[in-house]
Amino acid sequence: GEICAFKIHGQEMPFEAVVLNKTSGEGRLRAKSPIDCELQKEYTFIIQAYDCGSGPGGTNWKKSHKAVVHIQVKDVNEFSPTFKERVYKATVTEGKIYDSILQVEAIDEDCSPQYSQICNYEIVTTDVPFAIDRNGNIRNTEKLDYDKQHQYEIRATAFDCGQKHASEDVLVRVNVKPVCKPGWQDWNKGIEYRPGSGSIPLFPSIHLETCDGPVSLIHTTIELQTNYIGKGCDRETYSEKSLQKLCGASSGAIDLLPSPSATTNWTAGLLMDNNDMIFKFDGKQGAKIPDGIVPKNLTDQFTISLWMKHGPSPGLRAEKETILCNSDKTEMNRHHYALYVHNCRLVFLLRKDFDQADTFRPAEFHWKLDQICDKEWHYYVVNVEFPVVTLYMDGTTYEPYLVTNDWPIHPSHIAMQLTVGACWQGGEVTKPRFAQYFHGSLASLTIRPGKIESQKVISCLQACKEGLDINSLESLGQGIKVRDELTSSLIKFRAD
């Protein structure tokens, strides 16, 4: 009535069955030695139970029916991926974007799909113009330039599906080969020119590379562009007042960003460029314009002009960036007029007083222009003939779109504060402070009460005298003609 043994039938099975309780027949199946999934993933064998009726020769005991035992070996992620090659090499032609330059491949010796499959590849080397997909295909993320770099050495790793990475990174060498580029060679886009230094040759060693191909016609355009304030050029040699006189601008312009002096000390704390015309605003500074510099109430006609260099607003949530603001000095936080940048839009706010016009009138004028955030210098003029407001940017006219109409502001006896680079918040806060700081550079910020400027004057104020010149049209050579335009900043050639 008792169980005395279990017997396993099968050749060299690494398992044994032992009796734990003869009366209940309970037993345990266990491994006699370590089991390795990589050697064998599963085992199947037959087991029988024997009672205790054995005689001296063990011939009289009774045995049970045969039971089948099936054992699956669970894998452990003990192996790291390894690459099939120690070094991978490829050669690409510059100037092309490849879907796949080459493919790296790793293997893993674990037995289970979870741990033996390669789930991901990753480039370890930082700041390289390459990416790798889950199948190990490496591609370039930007066009490669042979002149910039002849060869790239990048390291990559592989991950199995248990997120174990390769024991050693693999080296990938990508060689860049140049292509013959038809076009003008040996010339520079940028050249430093100091006002008053006379004429200088732009392209002393330029030549045309045709790559041995047939050429029947060549069109060439040379355009002069400068990137300093006032488009660079001779404007640096003039003060704002002398420029206005030179261009015949209306008198009465008030300079809101003058060079610091005993009489104009409100700009003393601002950051300045090497050129004393440019003020840099880093989002932490603002300047209060003293009372009496600008009339308290502007008329229905006035002009605001400035040079501005501005890039995209910092941070995920773009805040208003104040260029010029006239707000309540204390008690309240009303903005009477302001010029500011918001989400690459230039916005002009103008709230009239109730004693001027008790009507529902335009209050905000918006312009969406790419140049507001291109980090280049541009000349802006806001001409106000209320309720008409016009923007001139680099001499070109732009009409606004209106976002808000509003009633005039109720009259009060609260003094106003005019500021540059930030807006003064005198009320609704525990302590009055600056807010809505500007990030960028400003120069020649003026306001002209009572008058607006003509387009001719505005174009003159942003133009410069430097230009392109051909010493002698006869020296161009046979078959080369100057076409269409010959201006101070643009020359077009045609060669047959």
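Predicted model: local features only at pLDDT ≥ 70, side-chain atom pairs only at ≥ 80, totals over all residues.
Residues are numbered from 1 along each chain as its sequence is written, and side-chain values use heavy atoms, with hydrogens and water left out.

Q: Why are E1 and E4 called paired strands?
A: Two strands pair if DSSP finds at least two bridges between them. Strands here are DSSP runs (E, at least two residues), as helices are (H or I, at least four), numbered from the N terminus.

Q: What makes E1 and E5 edge strands?
A: The open sheet has the order E1-E4-E5, with antiparallel pairing. Strand E1 (3-9) and strand E5 (67-72) each pair on one side only.

Q: Why is the pair of Tyr50 and Trp61 called tilted?
A: A pair of aromatic rings is described by the distance of the centres and the angle of the planes. Rings of Phe, Tyr and Trp (its six-membered ring) pair if their centres lie within 6.5 Å; planes under 30 degrees apart count as stacked, over 60 as edge-to-face and the rest as tilted. Tyr50 and Trp61 are 4.9 Å apart centre to centre, with 45 degrees between the planes, so they form a tilted pair. Tyr50 is in strand E4 and Trp61 in the loop between E4 and E5, eleven residues apart.

Q: What makes Phe302 and Tyr337 a link between parts of the chain?
A: Phe302 lies in strand E22 (residues 301-309) and Tyr337 in strand E24 (residues 335-342), so their pair ties together parts 35 residues apart in sequence. Their rings are 6.5 Å apart centre to centre, at 45 degrees between the planes, and the pair is tilted. Both residues are buried. Ring pairs link Phe302, Tyr337, Phe348 and Phe365 into a cluster.

Q: How do you know that Lys288 lies over the face of Trp424?
A: A charge sits over a ring if NZ of Lys or CZ of Arg is within 6 Å of the ring centre and within 35 degrees of the ring normal. Lys288 is at 3.7 Å from the ring centre of Trp424 and lies over its face. Lys7 likewise lies over the face of Tyr50, at 5.3 Å from the ring centre.

Conventions
Buried < 20%, exposed > 50% of the residue type's maximum accessible area, 1.4 Å probe, protein only.
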